[in-house]
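Have the structure open beside you as you read.

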Amino acid sequence: MRFQRVLILLVAGMLTLVLGAARLQLLQHDKYRDLAERNWLRLEILRAPRGRIFDTSGVLLADNAPAFSVVFQPSPVGSTRPDSMAADRRALLGSILDLPDSVIKGVIKESSRTGVPQPFRHDVPDNVLAAVDEHLSELPGVDILTEPRRAYPESTRAAHVMGYAGEISQTELDSLEEKGYRPGDLIGRAGLEASYERELRGEDGRKILVVNAAGRRVRLFEEEKPIMPVPGHDLVLTLDVKLQRALELAMINVKQGSAVAIDPRTGGVLAIVNRPSFDPNEFARGLSRARWNEFVNDPSHPLLDRAIQAAYPPGSTFKVVTSLAGLAEGAFTPDTHFPASCGGGYTYGGRFYKCWDHKGHGSLSLIEALAHSCDVYYYQAGLRIGLDRLTTWARRLHLGERSGIDLPQERSGLVPTLDWFEKVGRKPTGGAVLNIAIGQGELLITPVQLAMLAATVASRGRVPHPHLVKEIRDPQTGVVRHVEPTDTKTVDISGQNWDVVMAAMEKVVAAGTAARARVPGVRVAGKTGTAQNPHGNDHALFIAFAPVDAPRIALAVVVENGGHGSDAAAPVAGYAFQQYLMGDQPNGPAFIANPKVVAAPKPPPAPVPTPADSTDAD
């Protein structure tokens, strides 16, 4: 009896299965065949996160954050779903995303043309995302994708160094598609993001999904395993965020200008400040055309990396070069007193060339002349050296040429050699060498070149290769690749001559024009400059290094339209030295309490000759 019951149950179960299969295969055959045929495979790209960027002590400067994009997915191959959307559905989507119908139609059209997803909006906020998700069933082809977005935790700090990444354009895609770039990819546009695009960019992964007729995900296609994305390599910089913060604080009231700090021992860039700055997070989130036009049309040019792309007459900071050139050529000695003592100016070729101090400095030696920045002394020094030899030494000190810093679009500046005068069809006069000897005339030097000059003097003729990246790290394996440049150039000047110039620059700070750069207990050497500007008020400049006995930092500061270097630029360097060499100080720079706001209504000057009537009070 028990066996019969079991047998009956087994037979009943088998009959149920047979009847169910018959129902599926016979009665509902057409329905399920249609459903099966309406499932397709779709390749989905898994975006690789870009490499992160850290300062020298591990402070995170560039990172990745998850972001959501609303996109239009083209129809799978073989699908009967048209790549279109009814007007009422477009209106619904447009109201949610706050987009006009023309944009909605344009995205759908482009997706149909290329066969790849096209974004309606990137970095969609949570409330909008929730609204889209609620209406997905009414929006055929609309999908939500997760992708990494660039994030800059320090916001505007060192923005020109970081640069920014933007979505690849069709023109770029045409030439880079063979390297694996796809529509929607990020590509470095400026700063380190552009210079190290190859290292920062990772390798995208992929997965294959089973989707239904509406383009919705059904499941993962298990027959092919997903390929996970490989993150880009991380960059470790020479940049010191503490010094960067101090230098930015010291320049908080500067409207336009730049400062560059370099370690003269290695060439590692410790800080770069550009005023004004910008927030690269804006670019990571995506700029509207109106906002982009604001940047482009802003007369202060906030996107201009003044440290490497703006060139200025160096003013009296160039007297360091004139001193070195004259000593190296034997044109004068440290004890040389020129025939014409300074009575407030110098007559040459029937013209009176003023000294910045109209009362005059009297008869000076080289060290005294540099300490007090006497123009009359350097007019005569320039004539004694000659234009050809003076500009040759300027080039040997690598002024007027690109420094090779690992940032894009660096400008070379200008040192007007005899060849240059010949090319432009001008005959150099005696007045030209007087102008150039005091850092005026056709000379145009970038802030990073001025910092290199200070570092070269600090290292007694060893020219550092300025650089920002010291290590490239694989985030998966931890393998570190050191990339600091080892190619070191030297300037062939005797040690005694370096000693003379260093002593004179130390006197500039201790008892000369740069008293406001002094740091208690630290020997600081520097040179102020005030460069005439045909477009507005004079530019203020200062170059310096410290400590003199064992230099660890060399610095250049340029304040556009700032007036005297002694007033506007030297205090910036003094505060930066104090913070870097003595640790965090409890208070900000004293001059911030009573700020002298420096306005600069016009961009950096073009390479136009300026007269030699110096107003350089340094």
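Arg-291 pairs with Glu-294 in a salt bridge whose closest N and O atoms are 2.7 Å apart. Here a salt bridge is a side-chain nitrogen of Lys or Arg within 4 Å of a carboxyl oxygen of Asp or Glu. Arg-291 and Glu-294 are three residues apart in helix 12 (residues 289-297), so about one helical turn separates them. Helices (H or I, at least four residues) and strands (E, at least two) are DSSP runs, numbered from the N terminus. Arg-291 has a relative accessibility of 26% and counts as partly exposed, and Glu-294 is partly exposed with a relative accessible area of 46%. The terms work like this: buried means under 20% relative accessible area, exposed over 50%, and partly exposed in between (1.4 Å probe, protein chains only).

Salt bridges with shared partners also bring Arg-47, Arg-182, Asp-185, Arg-201 and Asp-204 into one network.

Please keep in mind that this is a predicted model, in which local features need pLDDT of at least 70 and side-chain atom pairs count only at pLDDT 80 or more, while totals for chains, interfaces and linings use all residues. Residues are numbered from 1 along each chain as its sequence is written, and side-chain values use heavy atoms, with hydrogens and water left out.

Which residue does Arg-245 form a salt bridge with? The partner is Glu-154, and the closest N and O atoms are 3.0 Å apart. Arg-245 sits in helix 10 (residues 241-250) and Glu-154 in the loop between strand 5 (142-151) and helix 6 (159-162), so this pair ties together parts 91 residues apart in sequence. Arg-245 is partly exposed at 36% relative accessibility, whereas Glu-154 is buried at 15%.

Arg-50 and Glu-197 form another salt bridge. This pair links distant parts of the chain, 147 residues apart: Arg-50 is in the loop between strand 1 (40-46) and strand 2 (53-54), and Glu-197 is in helix 9 (residues 197-200). Both Arg-50 and Glu-197 are buried.

| Salt bridge | Closest N and O atoms |
|---|---|
| Arg-291 and Glu-294 | 2.7 Å |
| Arg-245 and Glu-154 | 3.0 Å |
| Arg-50 and Glu-197 | 3.0 Å |

By the rule above, the count comes to 29 salt bridges.

Now for the whole protein. There are 24 helices and 21 strands, and buried residues make up 52% of the 618 residues. Of the contacts (heavy atoms within 4.5 Å) between residues at least 6 apart in sequence, 72% join residues at least 24 apart.
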